[in-house]
Each structure stands twice: as C-alpha cells, then as structure tokens.
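Please keep the sequence and the model in view while reading.

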Amino acid sequence: MVKERPAAAGGIPVREQKIFYSHQCIEQDDIDAVTAVLRSDYLTCGPAIEEAEKKLCRITGAKYAVLCSSGTAALHMACMAAGVGEGDEIITTPITFAASANCALYCSARPVFADIDPETYQLDPKEAEKKITDRTKAIIPVDFGGQAADLDAFREMAHRHGLVLIEDASHSIGTSYKGKMVGSVADMTVFSFHPVKTICGGEGGAVLTDDAELARKLLLFRTHGITRDPAQMSNTPHGPWYYEQIALAPNYRITDMQAALISSQLGKLERFGNRKKELTKRYDEAFAALSQLFVQKETEGSDTVRHLYLLRIRPETLSIGRKELYEALAAENIMCNVHYVPVYLFPYYAELGYRPGLCPQAEKLYEEMLTIPMYASMSDQDAEDVIRAVTRIVSWYAV
Ligand SMILES: *Cc1c(COP(=O)(O)O)cnc(C)c1O
C-alpha cells in the first residue's frame, strides 16, 4: 500500500473545513421551544422546569430529578445532600473534569484520587477501595467518555462501607448499565447539559435519585436553603407569603428557556444516541485495524452512548507523540482535544499538597490520548475524513 502524505508533512489536508471534537445539535423545534418560553409568563421557576424533570424521570426510570444551573452545581448539591462536610473525604478519578473533585472542596472536604483501569480508563474499584478511610463519605465515579463506570462494584462497595454513591454521569446520558438506564443506578446521578454534551441546554445540570429525603434536600440546596413547605418550617407561617431559610445554599436555579431546550433535546436522545453508536462502531472498526492505536475497552454491562471518542497511541509504534499527532490532525483541519489533564496536577491542587505520581495509570493515559470528533450531527463524510486523516498520519509515522 502506498502511504498517503499527511498535511503535516506537506500533503493536502483531508478537508478544507475545520471540524471540532464536539458540537451541539440544535434544530428548528428546539428554537421554537425556547422562543415559546420567552413569550410566556415564566422565564424562571416556571412549568418548563418540572416538565424537563418529569422527562428525565421517564427516560431514566429515576423517581426524582432536580434540574439546576449546571453539572457543577448538580455535583455540589449532591455532595451537600450526601452530607459531605468539613473533614470528610470523597473518592474520585483524576481523569475527569475538575468539577468532579472541586465539589468536595466546596464542602470543605478533601478529594481523594484513585487510579483508573488502563483499558477502560474508568475509576478502578479496587484502587478506590484502597483509599477508603473512616473519613470517606462518598464515592464519585465518572462515566468517562460515556461508558458506565463499574457501577455494580461501586454500589456494593458503597453499601458495605456506608458511603453515598454519586455517579458523575455528565458524559453518559442515554447509556444503560446491565439493562438499567444511567440515572437509576447510583444513590444520586449527575447530568450536565453543557453544549458539548449529548443533550444541550446552553448550560444546565440535574441530580437524579430514588430517595425522597435526598430529593427534598436537593430542592432546598437549589435555592438558597429556602423552603415554602410548612412541614419543613420551624415557625408557624406568618401568612401566605411566608417562606423560611432553613439551610445555607447558593442560587443554583435554571431558567425556563434552558429547561425548555433540555426537554426538546431529550425527545431526541434516542436518535442522537443511535447516531453516536453508529459513529462509534465505524471508528472502532477502523482503528482496531491500526496496530499503532489502542481502542478503549468497553466496561462490562455498559450499552454506551459515547460522549468522547478517545484515541490512544501505542507510543513504541510511532515516531511521533500525542502532541505531534494532535498537531498533525489540526493540519488536516481535524480539531481534537485532550480529556483530561489529571485533576491533581493543576497548580491549585499542587498548593493543596497533591503531587505527581499519585495515579500512574492516569498520568500515562494523559500522555497517550486525545479526543477526536464525535457528535450526533456529524456526517458520514466527516467521520470518513477523521478516519482517513488518522490512518494516513499513523501509517506515515509508524516505526
Ligand atoms: C461537563 C462536566 C461537568 C460539569 O458540567 P457543567 O455543566 O459544565 O458544570 C462535570 N463533570 C464532568 C465529567 C463533565 O464532563
């Protein structure tokens, strides 16, 4: 086979138009749903919020859903509802967005990082278990890239040690685990509706749970710790206007415009999910044929709607590293990303005493991977361009 010259080595780029690693898919009915709210009486605290919450429950099978302003807010609310406080610890993965760990810091607790499985890239339950102490309050596995973490193992572990299981499912809406939709498995499940995620709200998040008491607390922590429910008040209501602040929390409410967009998008979850599954299959087949690459292994029991498609290089088979691969793809007009810098390597965490070497598998993965384009509105031609670009680059630089 004649090798194709990559753009980085003087060839013609596989495409003229840039493609990015993710992009929202907004259609006319989404726009109509948002503008209808703008013409209505309620821009916040209105009926669109409850409608989206009901939809989330219907789709996932969870009993309660509390919509809020972001996935980050959802993680904070979940930690507060779990009772995470000063002196407590939570256990999470370093291969995640910083918010998965920051939520502990917001509660004056300490994030403890456990290493990942080198093939699925998910938080390794055995490593997590080693980090449990009598201060551990919660485990926060992340469904990294969209595939479910090893949820059975974490559920069993949480139960055995009396911990709260908070699943950061910011990547995995639409994924099911052993026949159950993500959202109905952990004590609390967190979604994000940031535009790069499968379902877009502009901004937005949610916490799902089956536990009525947790749901009550989540509602309280969404809005200042204020309640209008007389049953939760200490004083006799002064009148119909009366509400009471019974805890301290930020304003984490979402607008009805965002909620309406989320509802509209949730109606497309199956279509978006199926499209992403097609793209994943096409990628998996193409990249499994390239010995210079490692294809992420599926967690047992996960029927995955991918959020991130991760390409991992086998460094010993290439004369270039991940950075050069990233740049070579950019020269082909394929704009990638890297998910993630291990959280504890950030300067803020270094200040708190975290040091390199803590999670060797995570640090190795960080050196070897990048995220290639994957989103529901990608065309077949887009996917073929990505495959052709990756193939020509790794073949050209193969050793
Ligand atoms: C996106 C994301 C979040 C935060 O969500 P926002 O809605 O952006 O606040 C948290 N955890 C993970 C793993 C994410 O990818």
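Strand 12 and strand 14 (residues 309-313) are joined in the antiparallel sense over 3 bridges; strands here are DSSP runs of E with at least two residues, helices are runs of H or I with at least four, both are numbered from the N terminus, and two strands pair if DSSP finds at least two bridges between them. The model is a predicted one, in which local features need pLDDT of at least 70 and side-chain atom pairs count only at pLDDT 80 or more, while totals for chains, interfaces and linings use all residues. Residues are numbered from 1 along each chain as its sequence is written, and side-chain values use heavy atoms, with hydrogens and water left out.

Within this pairing, phenylalanine 294 stands opposite arginine 312 of strand 14. The two strands belong to an open, antiparallel sheet of 3 strands in the order 12-14-15. Strand 12 (293-295) and strand 15 (369-372) are the edge strands, each with a single partner, so one side of each has no neighbour in the sheet. From one strand to the next, the twist averages 35°; axes are lines fitted to C-alpha atoms, for helices over the stretch in contact, and angles run from 0 to 180 degrees between N-to-C directions.

Two helices lie across strands of this sheet. Helix 9 (residues 269-288) lies across strand 12, strand 14 and strand 15, and runs at about 10° to strand 14. Helix 10 (residues 322-331) lies across strand 14 and strand 15, at about 20° to strand 15.

Strands of a sheet pair through backbone hydrogen bonds, either parallel or antiparallel. Strand 9 pairs with strand 1 (residues 64-68) in the antiparallel sense over 5 bridges, and tyrosine 64 has threonine 209 as its bridge partner in strand 9. Strand 8 (residues 188-192) also pairs with strand 9 in the antiparallel sense, over 4 bridges, with serine 192 opposite glycine 205.

Why is strand 9 largely enclosed by the rest of the structure? In strand 9 (residues 205-209), 5 of the 5 residues are buried, so the strand is largely enclosed; buried means under 20% relative accessible area, exposed over 50%, and partly exposed in between, with a 1.4 Å probe and protein chains only. In a regular strand the side chains alternate between the two faces of the sheet. Both faces of strand 9 are covered, with Gly205, Val207 and Thr209 buried on one side and Ala206 and Leu208 buried on the other.

Leaving aside residues up to four places away in sequence, lysine 180 touches Arg155 and Val185, where contact means heavy atoms within 4.5 Å. A polar atom of the lysine 180 side chain lies 3.1 Å from the backbone oxygen of serine 184. Lysine 180 and glutamate 156 are 24 residues apart in sequence, and their C-alpha atoms are 16 Å apart.

For the protein as a whole, the secondary structure comes to 13 helices and 15 strands. The C-alpha atoms fill a box of roughly 80 × 50 × 40 Å along the principal axes. Buried residues make up 57% of the 399 residues. Of the contacts with a separation of 6 or more, 73% involve residues 24 or more positions apart.

Technical notes. A polar contact is a pair of N or O atoms within 3.5 Å; within protein, one must be able to donate a hydrogen and the other to accept it, and residues adjacent in sequence count only if both atoms are side-chain atoms.
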